[in-house]
Amino acid sequence: AQARRQIAEPRRAMKAVFASSLALLAAVSSAGAARTEVTPVQKVIQLMEGMLAKGKEEKHAEQVQFAAYKQFCDDTSVEKTRA
């Protein structure tokens with residue numbers, strides 16, 4: 001009976017160490033997986049790409065608006081020189 005206890009105690013200790021190691025590994029890997037989805041650098045790059053796209057859209061809208069204004073000015077200038 002005493003021999004069984006001597007064998008059983010290290011097995012329980014090994015099982016406890018193994019279980020805690022698995023839990024720690026699972027926690028670290030899940031935290032690592034969450035981190036690898038979007039890193040801070042990737043987030044900054046995404047934000048900068050969004051800013052670039054928005055800037056290009058605004059530039060195009062401004063060019064269209066300026067072209068219309070320039071056309072208005074040219075037309076008004078021609079009308080005033082005729083009058």
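How many helices and strands are there in the protein? There are two helices and zero strands. Helices are DSSP runs of H or I with at least four residues, strands are E runs of at least two, and both are numbered from the N terminus.

This is a predicted model, in which local features need pLDDT of at least 70 and side-chain atom pairs count only at pLDDT 80 or more, while totals for chains, interfaces and linings use all residues. Residues are numbered from 1 along each chain as its sequence is written, and side-chain values use heavy atoms, with hydrogens and water left out.

**Surface**

The protein has 83 residues, and buried ones make up 0% of them. Buried means under 20% relative accessible area, exposed means over 50%, and partly exposed lies in between (1.4 Å probe, protein chains only). The accessible surface comes to about 7,900 Å². Carbon and sulfur atoms hold 64% of that surface.

Val-44, Met-48 and Met-51 form a nonpolar surface patch. Together they have about 330 Å² of accessible area. Val-44 is found in helix 2, residues 40-82.

**Salt bridge**

The whole structure holds one salt bridge. The term means a side-chain nitrogen of Lys or Arg within 4 Å of a carboxyl oxygen of Asp or Glu. Asp-74 pairs with Lys-70, and their closest N and O atoms are 3.2 Å apart. The two are about one helical turn apart because they sit four residues from each other in helix 2.

| Residue | Relative accessible area | Class |
|---|---|---|
| Val-44 | 46% | partly exposed |
| Lys-70 | 43% | partly exposed |
| Asp-74 | 36% | partly exposed |

How values were computed. Patch = residues over 30% accessible without salt bridge, like charges linked within 9 Å, V, L, I, M, F, W, Y side chains within 5 Å. Areas by Shrake-Rupley, 256 points an atom, 1.4 Å probe, with all protein chains shown as cover.
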